[in-house]
Amino acid sequence: MKRINQPGIYFAPLQESTDFVYRKAHALHFGGIDKYFSPYLLVQKDGALKKSHLRDTAPENCTGYQLVPQIMAGNSNDFLFLAKYLTDLGYQEINWNLGCPYPMVTGKGMGSGLLPYPEKISEILDQSLPQLKCRISVKLRSGLNSPEEIFQVIPVLNQYPLSEVILHPRIAKQLFTGTPDRELFEKVAALIPHPLVYNGDIGTMEDFQEAGKKFESVTNWMIGRGMLKNPFLALEIKGVQLPGRIEKIEVFERFHSEILSSYAAMLSGQGHLITRMTKFWEYFCFQFPDPHKAFKRVKKSVNMYKYEIAVRENFSQLRNED
């Protein structure tokens with residue numbers, strides 16, 4: 001539980017990154033997170049859920065931290081199916097994804113693809129919420145094609161008892177390019193009665209302080225890529241005294257070893273394991289004196305023997321940094 005006046009920090013969901021293996025290890029070795037959000041669950045064409053999604057939200061895999069499962073649904077049938085499945089598992093809050101910007105999702109009328117259609121959003125909430133006892137929060141972007149779309153969606157959201165609204169003030173077509181529209185976020189904050197959570201480009205303590213000064217009424221903050229780059233960030237924001245430089249390196253090494261061994265037990269073949277770990281190093285490399293070289297060493301690994309050599313060399317250089 002966070003102390004009074006301490007900011008609430010949420011760990012944003014990132015597909016193929018913040019699964020139950022990563023979340024468990026992060027909570028154990030770093031912590032500082034008030035809510036972890038799972039990558040979205042989606043109903044497949046055959047009406048079932050992927051085994052990986054079932055495993056990712058299985059309560060026995062998600063102990064030691066607070067998880068909010070996220071769902072992706074473009075109609076009320078899928079919304080209810082997913083929400084009831086999760087509430088039957090014991091989850092008391094579910095997050096609806098209205099923010100995914102990728103065309104393979106938006107083209108199917110899900111994620112940000114729903115934002116130009118506020119009447120559809122209203123229909124889904126109208127048909128779903130009366131049948132659910134859990135809290136429902138929403139994560140969204142400012143629009144699919146235009147930031148003006150958010151102002152058609154706000155009156156719809158205001159009609160429903162949502163627990164929170166998490167806004168990433170970019171349109172979907174930006175993906176993660178450009179900068180978040182913080183002026184737009186400020187306008188939305190004045191129009192929405194629900195607790196509003198800020199999400200977007202908080203990668204350092206300085207980023208957080210700058211956003212905090214601008215949005216003094218915001219008490220909860222969602223961070224994704226910034227947390228992957230610096231897993232100590234939540235603790236730093238909360239004013240927790242961090243360990244010394246060498247101890248931080250040791251913590252990071254233990255964290256890396258844990259996720260590596262866990263994925264090795266789950267994934268079939270060295271190729272899959274190296275691919276998964278290399279994706280993490282796109283973020284991990286920023287903890288090292290030369291991020292480009294640190295990532296390049298790992299990326300060149302053709303087998304686990306080479307991978308382990310690259311990782312040892314990276315940590316050795318970090319220890320020897322002046």
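Buried here means under 20% relative accessible area. Keep that cut-off in mind while we walk through this predicted model, starting with arginine 170, which is buried because its relative accessible area is 0%.

So what does arginine 170 pair with? Its salt-bridge partner is aspartate 201, and the closest N and O atoms of the two are 2.7 Å apart. The pair links distant parts of the chain: arginine 170 sits in strand E8 (residues 165-171), while aspartate 201 is in the loop between strand E9 (196-199) and helix H8 (205-214), 31 residues apart. Aspartate 201 is partly exposed, at 30% relative accessibility.

Now hop over to helix H1. Arginine 23 forms a salt bridge with aspartate 56, with 3.2 Å between the closest N and O atoms. This one also links distant parts of the chain, since arginine 23 belongs to helix H1 (residues 20-29) and aspartate 56 to helix H2 (residues 51-57), 33 residues apart. Are these two buried or exposed? Arginine 23 has a relative accessible area of 1%, so it counts as buried, and aspartate 56 is buried as well, at 7%.

Next up is arginine 319, which forms a salt bridge with glutamate 253, the closest N and O atoms being 2.5 Å apart. Because arginine 319 lies in helix H14 (residues 304-319) and glutamate 253 in helix H11 (residues 245-266), the pair ties together parts that are 66 residues apart in sequence. Arginine 319 is partly exposed at 31% relative accessibility, and glutamate 253 is partly exposed too, at 22%.

Let's finish with a helix pair. Two packed helices are described by the angle between their axes and the distance between the axes. For helix H6 (residues 150-157) and helix H7 (residues 182-189), the axes come within 11 Å and cross at roughly 30 degrees. Angles under 35 degrees count as roughly parallel, so H6 is roughly parallel to H7. The crossing of H6 and H7 is right-handed. Which residues make the contact? On the H6 side you'll find Ile150, Phe151 and Ile154, and on the H7 side Leu184, Lys187 and Val188.

Notes: Residues numbered from 1 in each chain as written. Predicted model: local features only at pLDDT ≥ 70, side-chain atom pairs only at ≥ 80, totals over all residues. Heavy atoms only, no water. Salt bridge = Lys/Arg side-chain N within 4 Å of Asp/Glu carboxyl O. Helix = DSSP H or I, 4+ residues; strand = E, 2+ residues; numbered from the N terminus. Buried < 20%, exposed > 50% of the residue type's maximum accessible area, 1.4 Å probe, protein only. Axes fitted to C-alpha atoms, helices over the stretch in contact; angles between N-to-C directions. Parallel < 35°, antiparallel > 145°, perpendicular 65-115°, else oblique. Left-handed = near helix turned anticlockwise from the far one by under 90°. Contact = heavy atoms within 4.5 Å.
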